[in-house]
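Visitor: I would like a close look at a single part of this model. Please take me through it step by step.

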2 protein chains.
Amino acid sequence: MLNPDPFQAQCPTRVILDRIADKWTVLLLTAVAERPTRFNALRRRVEGVSQKVLSQTLKSLERDGLVTRHAYPTVPVTVEYAITPLGASLERTLAPLAHWASEHIDQIAKAQAQFDGRKAA
Amino acid sequence: MLNPDPFQAQCPTRVILDRIADKWTVLLLTAVAERPTRFNALRRRVEGVSQKVLSQTLKSLERDGLVTRHAYPTVPVTVEYAITPLGASLERTLAPLAHWASEHIDQIAKAQAQFDGRKAA
DNA sequence: CGGCATCCTCCCCGATACTG
DNA sequence: CAGTATCGGGGAGGATGCCG
């Protein structure tokens, strides 16, 4: 069993955090959770993600069992990514963060302005 | 008002995610939320964080109004970091992630092993 | 359409040394 | 004790080109 202390390197919290705390993972998990989506549709949906990073991120999401990848033998090939039950449960625990963000973004901006103002003064 | 679509670059979700989705921010927020803590105590509590990155991360947490920094004029100086109400509310929305992590870490490990097994085969 | 390979750049982060 | 300054490596991630 892993060390449960959330501040030790090998505890579950740290391991999960190291996996999802990057620029795109949470965003893509959320996007795929909405509905099954094809590669390029995902690329258009999530503004700013490059093809390479999208591919990489989806692959590690697949590896972790959070999304599935299904290739249909059409011409040209169609690839659809979908959420798994495991991924959906993670997405549900992350969803409140989006709500928190919209409700508190103004407070953050205000705090930053105050902090920067004190520095300049 | 900011764009509420969570997949556009300037929406609150993206802004917040860009701020907290790094290696140490969530961890330090959680640690400080437990109790007010001094710099070196924090450093010992959170295994593996370097002095420089701890200092940087605390400063940006302070800038965002998520933690406070209070210096006591002792000799040598004592500096204590504490959570703010804003920081506490963020920490509460992040806390379920730690629970999710301990409950599902085994499933993730299993999915990874299966994925890697298929690749090798 | 959905990738992989390659190259390259930036900046995150660690190590070390020094300061009030 | 609580930082700042400096240096440097490595990896994340962007741009481009090619392929099934």
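How many nonpolar, polar and charged residues does the surface near DNA strand C have?

Guide: One caution before the count: this is a predicted model. The surface near DNA strand C divides into 8 nonpolar, 6 polar and 6 charged residues. In total, 20 residues surround DNA strand C. The closest are A:Gln51, A:Ser55, A:Arg69, A:Tyr81 and B:Lys52. Notice the letters in those names.

Now look at the strand itself. Take the atoms of DNA strand C that come within 4 Å of the protein. Sugar and phosphate account for 62% of them.

Start with A:Gln51. An N or O atom in the side chain of A:Gln51 is 2.4 Å from a base nitrogen of DNA strand C. Move to A:Asn40. Here a polar backbone atom of A:Asn40 is 2.9 Å from a phosphate oxygen of DNA strand C. Then cross to chain B. A polar side-chain atom of B:Ser50 lies 3.2 Å from a phosphate oxygen of DNA strand C.

Which elements carry this surface? In chain A, α3 (39-45), α4 and β3 (78-83) each give two or more residues to the surface near DNA strand C. The largest share comes from α4(A), with 4 residues.

Now set the other strand beside this one. There are 19 residues around DNA strand D. A:Lys52, B:Gln51, B:Ser55, B:Arg69 and B:Tyr81 come nearest. Of the atoms of DNA strand D that come within 4 Å of the protein, sugar and phosphate account for 54%. By class, the surface near DNA strand D has 8 nonpolar, 5 polar and 6 charged residues.

B:Ser55 has a polar side-chain atom 2.7 Å from a phosphate oxygen of DNA strand D. For B:Lys59, an N or O atom in the side chain is 2.9 Å from a phosphate oxygen of DNA strand D. For A:Ser50, an N or O atom in the side chain is 3.3 Å from a phosphate oxygen of DNA strand D.

The elements come next. α4 (51-63) of chain A gives two or more residues to the surface near DNA strand D. So do α3 (39-45), α4 (51-63) and β3 (78-83) of chain B. α4(B) gives the most, with 4 residues.

How are the two chains related? Turn chain B by 180° and shift it 0.0 Å along the axis. It can then be laid on chain A with an RMSD of 0.1 Å. That is the relation of a two-fold axis. Of the residues of chain B, B:Ala21 comes closest to the rotation axis, with its C-alpha at 2.2 Å. Of the interface residues of chain B, 100% are also interface residues in chain A, so the copies meet through the same surface.

Now see one place where the chains touch. Two packed helices are described by the angle between their axes and the distance between the axes. The axes of helix α5 (residues 85-120) of chain A and helix α1 (residues 12-20) of chain B come within 8 Å and cross at roughly 85°. That makes α5(A) roughly perpendicular to α1(B). From α5(A), the contact residues are A:Leu97, A:Ala98, A:Trp100, A:Ala101, A:Ser102, A:Ile105 and A:Ile108. They meet B:Pro12, B:Thr13, B:Val15, B:Ile16, B:Leu17 and B:Ile20 in α1(B). The residues of this contact divide into 11 nonpolar, 2 polar and no charged.

Return to α4(B), the helix that gives the most to the surface near DNA strand D. What does it pack against within chain B? The axes of helix α2 (residues 25-34) of chain B and α4(B) come within 10 Å and cross at roughly 75°. That makes α2(B) roughly perpendicular to α4(B). α2(B) brings B:Thr25, B:Leu28 and B:Leu29 to the contact. α4(B) brings B:Leu54, B:Thr57 and B:Leu61. By class, the contact has 4 nonpolar, 2 polar and no charged residues.

Last, follow the chain into β3. A:Pro76 lies in the loop between β2 (67-72) and β3 of chain A. The peptide bond from A:Val75 to A:Pro76 is cis, with omega near -5°. In chain B, B:Pro76 is in the loop between β2 (67-72) and β3. A cis peptide bond joins B:Val75 and B:Pro76, with omega about -5°.

Notes: Residues numbered from 1 in each chain as written. Chains lettered and ligands numbered in written order. Predicted model: local features only at pLDDT ≥ 70, side-chain atom pairs only at ≥ 80, totals over all residues. Heavy atoms only, no water. Axes fitted to C-alpha atoms, helices over the stretch in contact; angles between N-to-C directions. Parallel < 35°, antiparallel > 145°, perpendicular 65-115°, else oblique. Contact = heavy atoms within 4.5 Å. Nonpolar A, V, L, I, M, F, W, Y, C, P; charged D, E, K, R; others polar. Near = heavy atom within 4 Å. Polar contact = N/O pair within 3.5 Å; in protein donor to acceptor, adjacent residues only side chain to side chain. Least-squares fit on C-alpha atoms with pLDDT ≥ 70 in both.
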